[in-house]
Structures are given as C-alpha cells and as structure tokens.
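I opened this notebook to record what I looked up in the structure. The entries follow in the order I made them.

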Amino acid sequence: MKVFDNTTKKIFLASWVSINQAETSNTHLAQLHSPVSKTYCDILQPLRRRVESIQVRDRQLAHRLCKLIPAQCPFERDIKLFGKTLFHIPPMCKINPLYEEVVGLRFRALCYLADECGEDVSRYC
C-alpha cells in the first residue's frame, strides 16, 4: 500500500475576498502606518520633538555631538572577581525614554560629517 494512493490529488485553497478592495486596502494601510494608540499621556513628547528638530548644519556641532553621544552603551559590563564573572550588567540605554531620538541625532551628525563635509567618521564608530 502506497501513501500516494490514499492522498487527495487536488488541493483546494479557499480565502475570503472583499468586494470593495480599495476600501480594504486603504483601511489596512492606514492601520499599518498609524502609530499605536497610547492610553497614557506622554509627558516627554515636547522634549522628543525638540531633539528631533535639531538640525546639524555646523561642523563643530556635529563633532561635539559625535563625541558626547557614545556609539555603544557605556553601562554594559561584566563584573569579575579573580577571573570569574560574578554577574553581567545589561545595557541600560534602552530604558532611556529618549534613546531613539538621541541615537538618531548622533546618526544625523555622522551623516552630515561624512556626506556634506567629506570627513572620515571611522574614529567615532
């Protein structure tokens, strides 16, 4: 007895199709692009907007930003005693509520130095 003799030869796939696909696609795209609704009041939103609105148009400002904002989280460490790791301190930068905005600002400064000024930014990486 072979398995092929007892299996179905044709496979039927069924799905739901909307009659008004234009309405469905617009609604679906709106849901994809809309931010997640927050039920709490974000008190840091003005500060986030302020950091995001900083325009990097000066070479000295870009250099200062790249020096001040670290490329990696400086808090992540392994605590060792006599060559053995006692515990690991995870990177705590991710719990900073302005982390994404500050990293974005550093990235804009690096891009300005590399693209507009033509400088080598490998020393900041």
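Is the crossing of α4 and α5 left-handed or right-handed? I found it left-handed (the near helix is turned anticlockwise from the far one by less than a right angle; right-handed would be clockwise).

I noted the source. The model is predicted, and local features need pLDDT of at least 70, side-chain atom pairs count only at pLDDT 80 or more, and totals for chains, interfaces and linings use all residues. Residues are numbered from 1 along each chain as its sequence is written, and side-chain values use heavy atoms, with hydrogens and water left out.

I looked up the elements next. The chain has 5 helices and 2 strands (DSSP runs, H or I of at least four residues for helices and E of at least two for strands, numbered from the N terminus). Their order from the N terminus is α-α-α-α-β-β-α.

I went back to the helix pair. The axes of α4 (residues 59-68) and α5 (residues 99-116) come within 9 Å and cross at roughly 135 degrees (axes are lines fitted to C-alpha atoms over the stretch in contact, with angles from 0 to 180 degrees between N-to-C directions). In the contact (heavy atoms within 4.5 Å), α4 supplies R59, A62, H63, L65 and C66, and α5 supplies L105, R106, A109, L110, Y112 and L113.

Last, I checked R48, which lies in helix α3 (residues 45-52). R48 is buried, at a relative accessible area of 15% (buried means under 20%, with a 1.4 Å probe and protein chains only). Its side chain reaches the backbone oxygen of P97 at 2.9 Å.

Terms used
Buried means under 20% relative accessible area, exposed over 50%, partly exposed in between (1.4 Å probe, protein chains only). A polar contact is a pair of N or O atoms within 3.5 Å; within protein, one must be able to donate a hydrogen and the other to accept it, and residues adjacent in sequence count only if both atoms are side-chain atoms.
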